[in-house]
Amino acid sequence: MASGLVRLLLRGAPRLLAPAAPVSAPPVRGVKKGFRAAFRFQKELERWRLLRNPPPPVRRSEKPNWDYHAEIQAFGHRLQETFSLDLLKTAFVNSCYIKSEEARRQKLGIDKEASLLNLRDNQELSEQGTSFSQTCLTRLLEDAFPDLPLEGIRSVVDFLAGEDVVCHVARNLAVEQLTLSAEFPVPPPVLKQTFFAVIGALLQSSGPRRAALFVQDFLITQLTGKELFEIWKVANPMGLLVEELQKRNVSAPESRLTRQSGSTTALPLYFVGLYCDKKLIAEGPGETVLVAEEEAARVALRRLYGFTENRRPWDYSRPKEKPRAEKTIAAS
């Protein structure tokens, strides 16, 4: 009895003498985690504040590490064009900048004669660049779309040389950051004038061939993804189609309803086909029969003019011979 009790105590001794297992304490939020959460919250508040009240734009010249002369030189190298530095600097100077600087100097008490700036504005270069660009665009479009009438050519040229397209190209080429203007951001008319002045400076520096390639690379490319009748507003496409077919000695088109769906619903769909000599020349959809007929007429006009969505891409390779635009400018 006693010996059995002793054996039992000896067997349980290691378990009784073994150290107790560590008890894990419940997690407690520390000071560092609280600081991190507050920091993230502060950053989120700052981000929302900037989104609701963005700071006014600042000129790049007002920020550190700015060298205007080096930026002017780098501008030509970025575009891989050779500019005369004097002409390029003149192209970025606008008359509003000269007037504002002279007025600012006079407010500081400087004499009127001493406050005059020895700068020439870009008015002359801008006129040369505008005239050359419009002539070059006209010749390029006439070569690419020989069947497009003169009115359509003018509409496309006005679109490519318009304020929206030119300002979009100028901002992406960093012309706005180098423009010397009284206001910032640079107003669209001033930015447009500056961009054409850059083309005028390139025309005088490198000749009409390089200027024509510049216009082709940066303005003609804006036609990508554009639809003809979004640019050229035609009030009566069916009447224009009849005139074009008469010029080609083709009979007047006849419209026929080819398909329809949901005519008794709120969203009907009709397909109208145009037939000439019993041949289908175009088909267009619309929510009414009249709208579908006009769309079919536009489809037929696109095919006649070669301005379809699946047309051959523009050839941007450098021509071996002188382009017609260059010959025209050289002759004038």
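Q: Helices (H or I, at least four residues) and strands (E, at least two) are DSSP runs, numbered from the N terminus. Where is the place of Asn-249?
A: Asn-249 sits in the loop that runs between helix H13 (237-247) and strand E1 (254-261). A word on the ground rules: this is a predicted model, in which local features need pLDDT of at least 70 and side-chain atom pairs count only at pLDDT 80 or more, while totals for chains, interfaces and linings use all residues. Residues are numbered from 1 along each chain as its sequence is written, and side-chain values use heavy atoms, with hydrogens and water left out.

Q: Why does Asn-249 count as exposed?
A: The label goes by relative accessible area: under 20% is buried, over 50% is exposed, and in between is partly exposed (1.4 Å probe, protein chains only). Asn-249 has 74% relative accessibility, so Asn-249 is exposed.

Q: What is the phi of Asn-249?
A: Phi is near 60 degrees, a positive value in a residue that is not glycine. Most residues other than glycine have a negative phi.

Q: Where is Gln-80 found, and is Gln-80 buried or exposed?
A: Gln-80 lies in the loop between helix H3 (68-79) and helix H4 (85-91). Its relative accessible area is 64%, so Gln-80 is exposed. Gln-80 also has a positive phi, about 55 degrees, although it is not a glycine.

Q: What makes the peptide bond from Phe-184 to Pro-185 cis?
A: Its omega is near 0 degrees. Pro-185 belongs to the loop between helix H9 (175-178) and H10.

Q: Why is the ring pair of Phe-75 and Phe-83 given its class?
A: Rings of Phe, Tyr and Trp (its six-membered ring) pair if their centres lie within 6.5 Å; planes under 30 degrees apart are stacked, over 60 edge-to-face, and the rest tilted. By this rule there are 10 aromatic pairs. For Phe-75 and Phe-83 the centres are 6.2 Å apart and the planes are at 45 degrees, so this pair is tilted. Both residues, Phe-75 and Phe-83, are buried.

Q: How do you know the class of the pair Phe-229 and Trp-232?
A: Their ring centres are 6.0 Å apart with planes at 20 degrees, so the pair is stacked. Phe-229 and Trp-232 are each buried.

Q: What puts the charged end of Arg-47 over the ring of Trp-48?
A: A charge sits over a ring if NZ of Lys or CZ of Arg is within 6 Å of the ring centre and within 35 degrees of the ring normal. The charged end of Arg-47 is 5.5 Å from the centre of the Trp-48 ring. Arg-259 likewise lies over the face of Phe-271, at 4.1 Å from the ring centre.

Q: Which residues touch the most other members of the largest nonpolar core?
A: A nonpolar core is a set of buried Ala, Val, Leu, Ile, Met, Phe, Trp, Tyr and Cys residues joined through side-chain atoms within 4.5 Å. The largest has 65 residues, and Phe-75 and Phe-195 touch the most other members. Helix H10 (residues 188-206) gives the most to this core, with 10 residues.

Q: Why is Ser-133 called buried?
A: Its relative accessible area is 0%, so Ser-133 is buried. Ser-133 is part of helix H6 (residues 123-144).
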